[in-house]
Amino acid sequence: GDVENVDMSRGLIPGQDEMPVTDGEGRLRIEHSDNPEWTRVTGVLHDCFIEIMPFDTCYVDVVAAPDSVFFNRVELMYGAIHGMLEGVADSTGDFSGYVSVNSEDISTVPPDWMWPPTTGRLNGQGTVEGPLVGLAFAGWVNLYEFGLGPLGAGSAEVALMVDDLLGDQRLTAGIDGRGFSIGDVPFGDFSLWGAAGTTAARVDSFRTALGDTNIFLEFTADYADSVSLVDVGAFRIDLEGTRWAIDDPVAFTVGSGHFSMPYMRLSSDQGAMALSGLFEEDEVVAGTLQLESFDLALLNPFTRTEHDLAGRMTADVVVGGAPSAPQVNLTADLLDAPFALADVHSMHVTAGFTGGTVDFQELDLRTNFGRVTGDGTVSNPGAGVKDFWAGADLDLDLHIQEGEWAFLDQFALPALDRLEGIFDGSMRVAGSVTDPLIRGRVKSAPFHIHWLHLDELTSDVLVDSESMILGNLAGHKSDLAMTCLLYTSDAADEYQRV
């Protein structure tokens, strides 16, 4: 007969002890025969669970005989997840069957599973074998547009084995995929082989390949209540024919509001990087970073910039203080680094950061357009790293030696067309990055702009975001001396002489 509002906490089939734990209610049709002994249950359940799997709706077709229970159909729907199970359990409670799962949105997994936030699509299938207390799964899972925090993958095929499926799960997986990324940084094809349980995990091999950039990583992790201990046994990056690798295994701890790494050194025949760090939320941040002739091109796979980084840097960075108000001290030297605005032959910087202000104690920059030395501050209190430069206030004293006016050609300002010459000068830079105000005095020898050609020109300079004014000019062409004021405007190609 048909039964409404069935209490599923009493079991799917009356009198059968070796059945999955259930709860909720449903509408079932029960058919029973004493000779031969046989019971069949069909119907639909709502807002229930079977073992670890809750569901919104479940269709069942289960037949119980004296020596076996046949699961002809157990079809579950939960959020965007659709699962199907079929199989048979013998009189000892051992189960043998097949399961398939599809989901158009894996972010809808049950909260009780305590998965980290994930996105993407999934389909999988495989066999399920063993007793309920030690049920094991072996099969395949396909992932599409997968996301886990900053990690992403376009697609992946996963060979998966899970022991104790309904208890303390232990997973072993092999993965081949494409389109791996961290944040917005692509790493290309990837593969992984490893295992994980409730208290530990290991990655025997993780590899990525994108062009001539290849990464290899292996590590183990032991995780307890709030802190995990991670041991990195191997980490290397092959970049443009150069291999960077850690010198020794690296151990660090990480947890909620905590990170500690005593020491790590990454080196190659092209340079080295060593670092250490400590972070305790609301308490302290401390760390060091040393670069030894470090090739900045190594950072290109991990950054998104309009132009690739290049050049070699030697630096010493020390960080300390409270997380809300860290202090940073930097001494750095950069060699042979081409940038969009200029080719840097060398740069030396000594600076400190505190309270939203970068204090340049020493700056010495040598480029293909001349040399700049100076000191001063760049400030933007309260701004994050990404927004710091765009809204920063400037207070800098700069001294220029053998500067070339040709530097301004790349800005394509009509008023400064055909400006040529070599100049020395001292300038005070104030205002902000978006609205700078520059005052100073320069000496240019020679000086050429449009129709004006001088052997030497000495002038006061005033530059803002709209114009450049050369005041109190004193110059000469051969024996012809000249004094004047020259005004050039970005808004119009105009010149005034007083």
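Select Glu-292 to begin: with a relative accessible area of 39%, Glu-292 is partly exposed (buried means under 20% relative accessible area, exposed over 50%, partly exposed in between, with a 1.4 Å probe and protein chains only). You are looking at a predicted model, where local features need pLDDT of at least 70, side-chain atom pairs count only at pLDDT 80 or more, and totals for chains, interfaces and linings use all residues. Residues are numbered from 1 along each chain as its sequence is written, and side-chain values use heavy atoms, with hydrogens and water left out.

Helices (H or I, at least four residues) and strands (E, at least two) are DSSP runs, numbered from the N terminus. Arg-265 is partly exposed too, at 23%. Bring in Asp-247 as well, and you have one network of Asp-247, Arg-265 and Glu-292, joined by salt bridges that share partners.

Next, select Arg-428 and Asp-395, a salt bridge whose closest N and O atoms are 2.6 Å apart. Because Arg-428 lies in strand β27 (residues 419-431) and Asp-395 in strand β26 (residues 393-404), the pair ties together parts that are 33 residues apart in sequence. Arg-428 is partly exposed at 38%, and so is Asp-395 at 33%.

For another salt bridge, go to Glu-75 and Arg-73, where the closest N and O atoms are 2.5 Å apart. The whole structure holds 14 salt bridges.

Time for the rings. How many aromatic pairs does a search of the whole structure find? The search finds 10 (rings of Phe, Tyr and Trp, its six-membered ring, pair if their centres lie within 6.5 Å; planes under 30 degrees apart count as stacked, over 60 as edge-to-face and the rest as tilted). Phe-252 is buried at 19%, while Phe-259 is partly exposed at 29%.

Finish with Phe-180, Phe-187, Phe-190 and Phe-206, which ring pairs link into a cluster.

Key: Salt bridge = Lys/Arg side-chain N within 4 Å of Asp/Glu carboxyl O.
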